[in-house]
Amino acid sequence: MLGLRRDRLLTLLLLGALLSADLYFHLWPQVQRQLRSRERPRGCPCARRVSSPAPDPAAAAADLHTAAHNFSRAGRGTERDHSGRGGPGSKLQALFAHPLYNVPEEPPLLGPEDSLLASQEALRYYRRKVARWNRRHKIYKEQLNLTSLDAPLQLQLEASWVQFHLGINRHGLYPRSSPVVNKLLHDMRHFPTISADYSQDEKALLGACDCTQIVKPSGVHLKLVLRFSDFGKAMFKPMRQQRDEETPVDFFYFIDFQRHNAEIAAFHLDRILDFRRVPPTVGRLVNVTKEILEVTKNEILQSVFFVSPASNVCFFAKCPYMCKTEYAVCGNPHLLEGSLSAFLPSLNLAPRLSVPNPWIRSYSLSGKEEWEVNPLYCDTVKQVYPYNSSNRLLNIIDMAVFDFLIGNMDRHHYEMFTKFGDDGFLIHLDNARGFGRHSHDEMSILSPLSQCCRIKKKTLLHLQLLAHADYRLSDMMRESLLEDQLTPILTEPHLLALDRRLQIILRTVEGCIEAHGEQSVVANGPAGQSAPDSGQANWTS
């Protein structure tokens, strides 16, 4: 009997210990999460490391001046006029006043069929999206037993992101001199965030969605979708590399860092070239605690936040199996520099076609694609639909010119809106691997131009104008980038590299003209028929 009583006592003690452990390690942390108004999964040990309280606004403002290693050395840029095109005496203003930037675009816009979206259909869709977000947000609050005095979101027809979407037409993502773009840049820089989540790429990697034609991210890359108080969305890419750092020479292009300043600079260059194919992009200092962690509902994203030994708040790309803190990005202690690129209209409203680039690279440690070993590769491309019967090939060459200027070797696919057909413009998305090495000019990026020996007259005239001393490309970029809050965006060597690469492009075109004749090389299609010849833009400048 005495032994039996001892066994019962030991069993009771064991059950009590297990109950205590369960209370301490499971139930009590859940109570703490409720008190902190958020929940975190237990699958990642890093989730338990975020124990520091959120900073007060005064402390966050002080961080802006003390976090020198995280921010641009020259501080914030000065505010520009509403047009975003410089003030009196501005070289940039003179450039945009040039006849090349004011000639009517061809073909002329005739009606609703030339606009990407039908306005009434788009507004109905966005109202449904806002209503759905309000319902989900209310359910989320109820599940956490939280009360909120915030009024439900309302779709604002005058919101800059709505007007940006409605303004997309067959000529580009936004009209010339559009005040909407500069308002959109201002709003993305200043509006508070109301939600944060992984992009579709990361969700697909984690098995949370079935996404096709995406590029799977690796652990060293990170991008988030931020939603603002006006219901607009932007892709956030955090700072991973200092301005004066170059990509190591032994890095393959497909493992290079994604640079936030490259996204910002690519948008400004695209606008200066009059392509208007890069979504509006702006720099911003983001408080990762208040503007990401405290507004996200994604438990996996919540779980990858931690406090570093230096007391900085950090997070990383994903945590499905283990935490990889060596790939983290960190605030200082909460503020982090990054780029924000405006979202394009939903695929439900404006379907896009994703097409492999004919000059795609091998994306392997060895081996080459046919275009890298066959100098006559373009002859094959020109016999294949749609490159044999539309402006698609000329648009590919435009994209190659753009990528050569920024040094981007990672253009594996291109996208275009299906509504505009085979002659629609290509969208220059994902430029974060540009501006990696200012000391090297990667000539293989120019292969579409050098092998096909074709270029639009409009593109060539703009390039020749930007080679002129009064409109030097580096000067235009230097002034345009002053508009951004995170200036300097590019170091001086990168700006000077633009001039050097521009001359290489013009010499390549000149060689083609000498070999094949101007009429065969310079395409006088609809995009270039009305482009005026000028003293500043002639064929041999």
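**Helix packing and an open sheet in a predicted model**

In this predicted model, 51% of the 541 residues in the protein chain are buried.

Student: How many helices and strands are there in the protein chain?
Tutor: The model is predicted. Its protein chain holds twelve strands, and the helices number 18.

Student: What share of the contacts with a separation of 6 or more comes from residues 24 or more positions apart?
Tutor: Take the contacts in the protein chain with a separation of 6 or more. Residues 24 or more positions apart account for a share of 76%.

Student: Which strands stand at the edges of the open sheet?
Tutor: Five strands form this sheet, in the order β1-β2-β3-β8-β4, with antiparallel pairing. An edge strand here has a single partner, so one side of it is left without a neighbour in the sheet. That describes β1 (193–198) and β4 (281–287).

Student: What is the average twist from one strand to the next?
Tutor: The sheet is open and its pairing antiparallel. From one strand to the next, the twist averages 35°.

Student: Which residue of β8 is the bridge partner of Thr-281?
Tutor: β4 pairs with β8 (residues 335–342) in the antiparallel sense, over seven bridges. In β8, the partner of Thr-281 is Ser-341.

Student: Which helix packs on the sheet, touching β2, β3, β4 and β8?
Tutor: The strands touched include β2 (224–228) and β3 (233–238). The helix direction makes about 15° with that of β4. This is helix α6, residues 179–190.

Student: What is the hand of the crossing of α8 and α13, and which residues make the contact?
Tutor: The crossing is right-handed. The contact is made by Ala-266, Leu-269 and Asp-270 of α8 with Phe-402, Leu-405 and Ile-406 of α13.

Student: Where is Ser-148 found, and how far in space is it from Lys-138?
Tutor: Ser-148 sits in the loop between α4 (119–143) and α5 (160–166). Its relative accessibility is 37%, so Ser-148 counts as partly exposed. Ser-148 and Lys-138 are ten residues apart in sequence. C-alpha to C-alpha, their separation in space is 9.1 Å.

How values were computed:
Residues are numbered from 1 along each chain as its sequence is written. This is a predicted model: local features need pLDDT of at least 70, side-chain atom pairs count only at pLDDT 80 or more; totals for chains, interfaces and linings use all residues. Side-chain values use heavy atoms; hydrogens and water are left out. A crossing is left-handed if the near helix is turned anticlockwise from the far one by less than a right angle, and right-handed if clockwise. Helices (H or I, at least four residues) and strands (E, at least two) are DSSP runs, numbered from the N terminus. Contact means heavy atoms within 4.5 Å. Two strands pair if DSSP finds at least two bridges between them. Axes are lines fitted to C-alpha atoms, for helices over the stretch in contact, and angles run from 0 to 180 degrees between N-to-C directions. Buried means under 20% relative accessible area, exposed over 50%, partly exposed in between (1.4 Å probe, protein chains only).
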